[in-house]
Amino acid sequence: MSAALPSSPRVLARVDAGAIAHNLGVLRHWIGGAPGRAPRIWATVKADAYGHGLCHVLPGLAQADGLAVLNLSEALACRAAGWRGPLLVYGGLQDAAEVERLTLDDLHLVISHAAQLDWLRARDLVHTYAPSLWLRFAGDLNLSGFDAAEYAPAHARAQALVALGHARAVHHMNHYAAAEDEQGVAQADAVFRRVIADLPGLVSTSNSAALARHRLHAGATDWVRPGLALYGASPLAGFTGAGLGLRPAMSLHSRLVATRQVPAGTSLGYRGAYVSEGEMRVGMVSCGYADGYPRQAQTGTPVLIDGVRTRVVGRVSMDMMAVDLGPVPHAQPGAEVLLWGPALPVEEVAAAAGTIAADLLTGLTGRVPVAPAVPSQAAASSRARDGANSRNSVVATR
């Protein structure tokens with residue numbers, strides 16, 4: 001057995017802001033819109049920009065029309081990072097005390113229940129900081145928001161807040177439960193449009209899946225709200241981001257820390273989840289579920305070692321995983337390992353782990369540092385990805 005101690009960091013995520021700028025442009029092309037009426041884009045950066053790090057993605061979002069976050073703390077972080085445009089807060093107000101935190105210009109709050117309207121009415125707001133309100137329709141997702149019977153009364157109450165100077169405007173929001181499906185939008189949207197038909201205000205629909213699968217529909221709304229696709233991952237089953245013309249923004253890197261030659265019949269890892277069928281060379285990668293790599297990843301989950309595709313064997317442990325070095329016999333401790341990135345789609349890794357790309361991207365833990373992509377690497381990845389896209393690009397539309 002040979003081994004080498006890795007230098008810090010043992011696991012590293014790199015983020016390419018240029019890829020995010022590219023993806024934003026692709027999404028604008030998808031939705032297009034009528035001449036002079038292209039939908040505006042809320043770029044969703046909740047969960048620290050899907051695990052990419054807000055500070056690393058903002059340079060790529062300079063042309064976004066607004067940023068969408070989960071809560072007021074994330075909105076304040078966007079301002080602190082230098083964003084001066086509109087901010088949409090998906091969670092709205094969490095409690096009555098949060099009204100005191102409405103001190104940001106151009107703030108937009110999603111209103112999902114009546115108590116949030118009560119909290120706004122009870123506080124005397126300085127008009128400069130009065131937020132715009134987006135009423136959430138419960139729709140077919142039906143996790144939060146106002147149902148068809150509640151919606152018009154809620155809209156009237158919200159308009160009353162505008163009259164009092166407690167809010168600037170009232171708009172409409174819907175989120176489809178099955179936008180990734182070919183028939184996943186039409187019926188839900190028809191219900192939504194009937195509910196808001198006689199009510200003034202702008203309309204926001206369409207996450208990444210709706211933009212990819214139903215771009216004509218998305219192009220007919222006022223604001224769209226992509227998240228996952230901005231980061232270069234596919235929102236549609238059966239597609240990778242590259243297959244949709246997107247560029248993955250994150251790559252996750254580690255290294256080999258040891259190699260072993262084991263005989264046939266050797267069990268590897270906890271509970272002998274993998275038993276070698278023959279003599280084989282095995283490598284240990286310095287990454288595990290405490291870093292956010294999925295513990296449920298099965299034997300066969302792909303990894304790249306020195307650019308060569310191979311597989312995970314056995315169960316992922318807290319701090320490391322075993323990989324098959326058969327396809328890469330020259331690999332030694334210190335060899336570069338790519339766990340996902342432009343050359344290894346995160347969607348493939350997620351599928352092998354029985355989950356989705358967003359789960360992996362947002363699941364990296366605090367012990368994984370995030371850094372900008374090395375410019376030369378980012379340029380090389382861009383050329384390689386653009387070459388692949390010119391041959392294989394597919395956009396799912398209706």
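## Close-up views of a predicted model

View 1. The end C-alpha atoms of residues 249–373 lie 9 Å apart. This span is 10% helix and 36% strand (helices, H or I, of at least four residues and strands, E, of at least two are DSSP runs, numbered from the N terminus). The UniProt annotation "domain: Alanine racemase C-terminal", from an unreviewed entry, covers residues 249–373 (UniProt positions are in the numbering used here, feature names are shortened, and annotations may be inferred rather than shown by experiment). Residues are numbered from 1 along each chain as its sequence is written, and side-chain values use heavy atoms, without hydrogens and water. The model is predicted, so local features need pLDDT of at least 70 and side-chain atom pairs count only at pLDDT 80 or more, while totals for chains, interfaces and linings use all residues.

View 2. Six of the six residues of S14 (residues 280–285) are buried (under 20% relative accessible area; exposed is over 50%, partly exposed in between; 1.4 Å probe, protein chains only). Met280, Val282 and Met284 point one way. Arg281, Gly283 and Val285 point the other way. Strand S11 (residues 250–262) runs antiparallel to S14, joined by six bridges (strands pair if DSSP finds at least two bridges between them). Here Gln261 is partnered with Arg281. Strand S17 (residues 321–324) is also antiparallel to S14, with four bridges. Gly283 has Val323 as its bridge partner there.

**View 3. Two nonpolar cores.** The largest nonpolar core has 103 residues (a core is a set of buried Ala, Val, Leu, Ile, Met, Phe, Trp, Tyr and Cys residues joined through side-chain atoms within 4.5 Å). Val45, Tyr293, Ile305 and Trp340 touch the most other members. Helix H1 (residues 17–31) gives the most to this core, seven residues. A second, separate core of ten residues includes Met280, Val282, Met284 and Ala322. In soluble globular proteins, nonpolar side chains tend to be buried together.

**View 4. The annotated active-site residues.** The UniProt annotation "active site", from an unreviewed entry, covers Lys46 and Tyr270. They are spread in space, up to 35.1 Å between C-alpha atoms. Lys46 lies in helix H2 (residues 46–50). Lys46 counts as partly exposed because its relative accessible area is 31%. Tyr270 lies in the loop between strand S12 (267–268) and strand S13 (274–275). Tyr270 counts as exposed because its relative accessibility is 58%. Leaving aside neighbours within four places in sequence, Tyr270 is in contact with Arg315 and Ser317 (contact means heavy atoms within 4.5 Å).
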